[in-house]
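Have the 3D view ready as you read.

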Amino acid sequence: KGKCPEDGWDESTVELFLHELAIMDSNNFLGNCGVGEREGRVVSGLVARRHYRLIHGIGRSGDISAVQPKAAGSSLLNKLTNSVVLDIIKLAGVRTVANCFVVPMATGMSLTLCFLTLRHKRPKAKYIIWPRIDQKSCFKSMITAGFEPVVIENALEGDELRTDLEAVEAKIKALGAENILCVHSTTSCFAPRVPDRLEELAVICANYGIPHIVNNAYGVQSSKCMHLIQQGARVGRIDAFVQSLDKNFMVPVGGAIIAGFNESFIQEISKMYPGRASASPSLDVLITLLSLGTSGYKKLLKERKEMFCYLSSELKKLADSHNERLLDTPHNPISLAMSLKNLDENNDAAVTQLGSMLFTRQVSGARVVPCGSVQTVNNYTFKGFMSHANDYPCAYLNAASAIGIKKQDVDVFLKRLDKCLKTFRKEAKQEKSINEISDSNAATEQLED
């Protein structure tokens, strides 16, 4: 049926299935005689076993989704993977998605492929409207495709950074809809930035006849992000949405899923990919989903949501104990931010030093964001880089509850963060005491004089 099984398969069943696919490829035929330049020859037995002897990759020179006659097994693997992944996307909340395919590139290059496909539909267009998110790969994806990003600064609402819809529409009118390739929006992001107002953006795109590409990098794991995509497509226009394999399905980096609501447009994108492609990302995600089954993946989604609530409540307690606060970002379902005002006021370098301390204590993924940092990316200068705004009111620390996180991860992180913050407080007290003694000595000397 081309759907993910409800109950996961055991390892031996998955391996038997992969071996059955592999013996359908010509390089594994007994007595095969290859006289071409690409015959699936592999010198290392270790490499062959690592790929389950599925050596031919996927697609043909003109279409990544095409069937390769001498690689029936690899072609079947490709078709099944795309079908199973489509089933999971529907299960995760985008129920009307029409088509998708796994591409052996990470999210940034996959977005570039979408933009290059749109180029043929809108030859006059040279701009991409992009509500700002401080992440280099999605910015570079537009530059690499040869377009000029038009950065729309976010609007500060309470602690949250949200889409400035008026600025988006004003920029469309100023540039002219025919000169705009698409709107490039984002769902999953680091707090205090929250997912873009997808429904409103989708309506604007529909009204002006402008394509809409969504960067849904790690949004499959969030029912809220997937709901936004579903609603955006229902009320307006979303042409394609792109998500990472490693972030959503816990496989090695190197693959993404391009999905959309118009089957023919997604096929156009797949045909734009030049040449054949590695089957590794497809193989990894198919093995993972067959092993988990829909029940296993649902369980992971449920656990992630529970851990988000736990991380939120415990990080709030920790923030309060250090006279800081958990920033109020209710529209972000994955990432949290805790202010570092006291740290920033006492010592300019303390915020970045905290990041180093956490990293050396084996805390990965937590980001510390100082105020006022400047970064130039492809000749475009971002003020307040990493904070998604020119002048965010305070320095802060990010932590995320992503798929696969465990209670132990949260507890160890909070314990180590608490210890680091106490170290800074202790140092600040000592420095204050030394300053007070120095001031007292100076006052005594003045009196004596």
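## A listed binding site

Which residue does UniProt list for "binding site" in its unreviewed entry? The record gives Arg38. Keep in mind that this model is predicted.

To find Arg38, look in the loop that runs between α1 (11–22) and α2 (45–50).

## A lysine with an annotation

Now turn to Lys247. According to the unreviewed UniProt entry, this position carries the feature "modified residue: N6-(pyridoxal phosphate)lysine".

Lys247 counts as partly exposed, because its relative accessibility is 36%. What does Lys247 touch, if residues up to four places away in sequence are not counted? Its contacts are Ala217, Tyr218, Gln221 and Ile403.

## The largest pocket

Next come the spaces in the model. Rolling a probe the size of a water molecule over the atoms shows where empty space is left. The largest pocket holds about 920 Å³ of space. Its lining is made of 39 residues, and those closest to the pocket's centre are Phe190, Ser364, Gly365, Ala400 and Ala402.

Where does the largest pocket lie? It lies between domain 1 (11–30 + 38–292) and domain 2 (297–435), because both domains give residues to its lining. Several elements each supply at least two lining residues: α4 (107–121), α5 (136–144), α9, β14 (396–400) and α14 (407–448). The largest share comes from α14, with five residues. Sorted by class, the lining of this pocket has 23 nonpolar, 12 polar and four charged residues.

How many cavities of 30 Å³ or more does the count come to? There is one, and the largest cavity holds about 30 Å³ of space.

Which residues line the largest cavity? They are Pro370, Cys371, Gly372, Gly384, Ser387, Asn390, Asp391, Tyr392 and Cys394. By class, this lining has four nonpolar, four polar and one charged residues.

Methods. Residues numbered from 1 in each chain as written. Predicted model: local features only at pLDDT ≥ 70, side-chain atom pairs only at ≥ 80, totals over all residues. Heavy atoms only, no water. UniProt positions renumbered as here; feature names shortened; annotations may be inferred. Buried < 20%, exposed > 50% of the residue type's maximum accessible area, 1.4 Å probe, protein only. Contact = heavy atoms within 4.5 Å. 1 Å grid on protein atoms, 1.4 Å probe; cavity = no way out; pocket = protein on both sides within 12 Å on 5 of 7 lines; lining within 4 Å. Points joined across faces, edges and corners; volume = space filled by probe spheres on them. Nonpolar A, V, L, I, M, F, W, Y, C, P; charged D, E, K, R; others polar. Helix = DSSP H or I, 4+ residues; strand = E, 2+ residues; numbered from the N terminus. Domains from an automatic or database assignment.
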